[in-house]
Each structure stands twice: as structure tokens, then as C-alpha cells.
Amino acid sequence: FDREGQNMETVSISEQRFGGSSFMESQWKTLSQVKMENLGHGDKADYVTVKGSIISIKKDNCLYQACPKLDCNKKVLDLNNGSFRCEKCDAEVPNFKYRLILQANIVDYTDNQWVTCFQEQGESILGMKTEALGDLKDSVRGAYEQVFQNANFTTYIFRMRVKLENYNDESRIKMTIMEVRPCDPSEHSKRLITEIRKMALSD
């Protein structure tokens, strides 16, 4: 959050397009394949689909108070007088809206990886709207903590953006969840059978 969230122009992921490819048509990879094949090292980001389970979520600083205006998601400064200041809008506002940025550790049978997800995807994983989550944090801390516990060890199909990024002279792969869906065992099994048949025909 300190590096990117408070200064980021948050865009609704659902409004983005991915070259016309559907969720199920993107290239399926394991987490280890993403690393071994050096995905994300080119000029443009790579997009992959991964089946994985969430094993940990960082809940500290995952929520921030943002400007309530529809076209602005910048972090606001609490003036401690009942008002908040948005530097981008250069204005004082009477309230704020909560925005969500999650850092989650996902695992498959080959590896694990920390990934980032934003508002809509985070709400899908936590099963709760951001405003309701913010209310829990402010009023019922135990229930707030339980929301994150309940999200652990759940399995999803993730569509992710993979890109090598540099920060403080250090290069590392950043994986961002662009779309998340519950894993349908029947549908996933059919896909695996199809892939096995393709491999058998190519031998």
C-alpha cells in the first residue's frame, strides 16, 4: 500500500480488456512455469490463468480512506475536524470511501506466490463489500479478523497479469489478479482431460 496504493489511480478491472481473449482461453500455467518460463520479462505484460489456493492474506493496511468522488480514488488526509482533504482534487470533503488492496499468498502443487488484487477481486475473495469490511474494522475487530481467516484455504481460478518490475534497484515479478472465479471441479477436470488427450496425440 505504501508503495503503490495511496498514489494509484485505481481503475475498475472489470472495465479493462485483454485482447479479446476470454477467461478460459488464456494460457494456463502453474506458478513454477511462470517463473521458469520468465513470463513478464518482455516489453509487455503476460496474462496467465492459474488454479490456486489462498494460504495467507495481509490484512494490515489493506484498507485506506479515499476521496468519495466518483472519479477519484486518492487517499485523503484526516484533518481531525470532521473533514478530510484530497490533494488531487485540492479540496476538503466531509467524508470518505474505503478502498481495498489485498496482498495474498497463493499456492498450487508446484510453488507459492504473493499476488496483488484490487477492489472487485478482493471483495470476491473476502465475500464482503469494502464499505462493510471497513465498518467491521471500525466496530467489531474480531469479526473483521474472521473475514480474512474464512478466506484462507479457498481455491479459485485466477486470471493474472505478470510483469517484471523494478523497485529500489531490485527486479522482481509482480503478479496482479485481474479476475477471480470459484473453481468448478467438474469443469476443471474436463479441461485437464482435454489437455491430456492433446498431449497424447502430439506424442
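These legends accompany several close-up views of one predicted protein model. Residues are numbered from 1 along each chain as its sequence is written, and side-chain values use heavy atoms, with hydrogens and water left out. Because the model is predicted, local features need pLDDT of at least 70 and side-chain atom pairs count only at pLDDT 80 or more, while totals for chains, interfaces and linings use all residues.

**View 1. The whole chain and its confidence.** Let's start with the overall picture. The protein chain has five helices and eleven strands; these are DSSP runs, numbered from the N terminus, with helices (H or I) of at least four residues and strands (E) of at least two. Buried residues make up 42% of the 203 residues, where buried means under 20% relative accessible area, exposed over 50% and partly exposed in between (1.4 Å probe, protein chains only). The mean pLDDT, the predictor's confidence in each residue from 0 to 100, is 86 for the chain, and 87% of its residues reach 70 or more. Confidence is lowest in helix H5 (residues 185-202), at a mean of 76, and highest in strand E8 (residues 102-107), at 97. Over residues 5-21 the pLDDT is below 50. Where pLDDT is low, the predicted coordinates should not be read in detail.

View 2. Which residues of helix H3 (residues 130-139) are buried? They are Thr130, Leu133, Gly134 and Leu136. Seen down the axis of H3, these buried residues fall within an arc of 160 degrees, so they line one face of the helix; the arc is that of the directions from the helix axis to the C-beta atoms. The face turned away from the buried side carries the exposed residues Asp138 and Ser139. The buried residues of H3 pack against strands E3 (63-66) and E7 (97-100) and helices H2 (119-126) and H4 (141-151), judged by contacts, meaning heavy atoms within 4.5 Å.

**View 3. A nonpolar core around Ile125.** A nonpolar core is a set of buried Ala, Val, Leu, Ile, Met, Phe, Trp, Tyr and Cys residues joined through side-chain atoms within 4.5 Å. The largest one here has 31 residues, and Ile125 is among those with the most contacts inside it, as are Phe148 and Met160. Leaving aside neighbours within four places in sequence, Ile125 is in contact with residues including Ile54, Cys117, Tyr156 and Val180. Apart from this core lies another, of six residues, among them Cys67, Cys72, Val76 and Cys86.

View 4. An open sheet of three strands has the order E4-E5-E6, with antiparallel pairing; two strands pair if DSSP finds at least two bridges between them. The edge strands, E4 (77-78) and E6 (91-93), each pair on one side only. Strand E5 (residues 84-86) and E6 pair over three bridges, and Arg85 has Glu92 in E6 as its bridge partner.

**View 5. Cysteines without disulfides.** How many disulfides are counted? The count is zero, with a disulfide taken as a pair of cysteine sulfur atoms within 2.5 Å. For Cys67, the nearest cysteine sulfur is that of Cys72, 3.9 Å away. For Cys86, the nearest is that of Cys89, 3.7 Å away. Cys67 counts as buried because its relative accessibility is 0%.

**View 6. Two loop residues with positive phi.** Asn61 has a positive phi of about 65 degrees although it is not a glycine. Asn61 lies in the loop between strand E2 (46-58) and E3. Phe153 also has a positive phi of about 65 degrees, and its place is in the loop between H4 and strand E10 (155-167).
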